[in-house]
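Biologist: I am new to reading protein models. Please take one part of this one and look at it closely with me.

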Amino acid sequence: MRILHIGDIIGRTGRKAVTTFLPKVRQEFMPDIIVANVENASGGFGITYAIYEEFRRLDVDIMTTGNHIWDNRETEGSIVKMDNLIRPANLPEGVPGNGFITIEKNGQEFTVINLIGRVFMGLSDCPFRKFDKIKEQVNDGFIMVDFHGEATSEKNAFGYYVDGKVGAVVGTHTHVQTSDERVLPKGTLFQTDVGMCGALNSVIGMEKEAPIERFMKGMPRKFEVEKRGELMFNALFFEYNDNSEITDFKRLSITSGD
Ligand SMILES: [Fe+2]
Ligand SMILES: [Fe+2]
């Protein structure tokens with residue numbers, strides 16, 4: 001089976017990067033399943049049902065999210081309609097939506113679990129213990145974890161914690177792609193962060209001016225998605241065999257100049 005995981009898609013620019021580069025990537029890598037992190041797809045903050053449908057039309061099979069899941073007011077109500085979208089499984093008890101999803105493709109089960117870290121992040125339960133609980137319910141097929149976290153150390157620790165128990169752990173949230181993709185000693189494919197889709201010359205997808213001012217003066221500034229300039233598309237492709245062993249993987253970073 002061939003899987004493509006697309007990094008955080010940032011606003012209209014990120015969606016444009018996906019429509020620009022995904023057809024070429026699909027042709028070259030022929031993924032059976034496409035996963036994408038969409039927590040910033042709506043104006044840089046959150047997701048709407050209309051944008052969810054847009055991605056479904058682009059054949060995105062599974063959508064993951066993170067700390068921005070509730071940024072758009074409508075999501076609390078519309079998440080129940082978004083069957084192929086998951087939010088972090090270890091968010092506090094009682095929030096709407098599902099934290100993992102299993103789909104069937106080519107007669108095989110493929111599960112994605114979305115978890116969120118606790119270092120420099122908001123309120124959540126322990127992602128390690130939550131994983132153990134979910135793992136008891138999912139035994140068949142290939143499991144991938146989208147670990148949404150700020151700290152590289154937490155993601156690295158989680159990778160070793162689940163090494164040999166899942167097929168792949170792909171990090172999201174920092175919007176900066178790491179070049180550490182590899183198969184861990186017990187067979188789990190791991191990448192600390194898959195990166196983002198959006199404007200190349202931006203501060204993690206946003207116009208540069210406001211973050212620079214905020215860092216320098218500490219004054220409140222509204223962040224806007226960068227709409228100018230070159231596009232960037234970051235993703236991780238991987239393939240596994242019938243025994244769920246990783247047989248191939250490649251980190252993708254494409255810009256409009258390529
Ligand atoms: Fe993000
Ligand atoms: Fe995030």
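This is a predicted model: local features need pLDDT of at least 70, side-chain atom pairs count only at pLDDT 80 or more; totals for chains, interfaces and linings use all residues.

Biologist: Which residues of helix H5 are buried, and which elements do they pack against?

Modeller: The protein averages a pLDDT of 97, and 100% of the residues score at least 70. Confidence is lowest in helix H6 (residues 209-217), at a mean of 96. It is highest in strand S10 (residues 189-191), at 99.

Now the helix. H5 spans residues 152-161. Its buried residues are Glu154, Lys155, Phe158 and Gly159. These four cover an arc of only 140° around the axis, which puts them on the same side of H5. An α-helix has 3.6 residues a turn, so residues three or four places apart point the same way.

What does that side face? The buried residues of H5 pack against helix H4 (127-137), strand S7 (142-148), strand S8 (168-172) and S10.

Next, the sheet. It is open and has six strands, in the order S5-S6-S7-S8-S10-S9. The pairing is mixed. In general, strands of a sheet pair through backbone hydrogen bonds, either parallel or antiparallel. Strand S5 (100-105) and strand S9 (182-183) stand at the edges of this sheet. Each has a single partner strand, so one side of each is left without a neighbour in the sheet.

S5 pairs with strand S6 (residues 108-116) in the antiparallel sense, over six bridges. Take one example: Glu104 has Glu109, in S6, as its bridge partner.

Two helices pack on this sheet. H4 touches S5 and S6, and its direction makes about 155° with that of S6. H5 touches S7, S8 and S10, and its direction makes about 170° with that of S8.

Finally, step back to the whole protein. Its secondary structure comes to six helices and 13 strands. The radius of gyration is 17 Å, close to the 18 Å that the globule rule gives for 258 residues, so the protein is as compact as a globular protein of that length. The C-alpha atoms fill a box of roughly 50 × 40 × 35 Å along the principal axes. Of the 258 residues, 47% count as buried.

Note on methods:
Residues are numbered from 1 along each chain as its sequence is written. Chains are lettered from A and ligands numbered from 1 in the order in which they are written. pLDDT is the predictor's confidence in each residue, from 0 to 100. A residue is buried if 20 or more other C-beta atoms lie within 10 Å of its own, exposed if 12 or fewer, and partly exposed in between; C-beta atoms are placed from the backbone. The arc is that of the directions from the helix axis to the C-beta atoms. Two residues are in contact if their C-beta atoms, placed from the backbone, lie within 7 Å. Two strands pair if DSSP finds at least two bridges between them. Axes are lines fitted to C-alpha atoms, for helices over the stretch in contact, and angles run from 0 to 180 degrees between N-to-C directions. The radius of gyration is taken over C-alpha atoms; the globule rule is 2.2 Å times the number of residues to the power 0.38.
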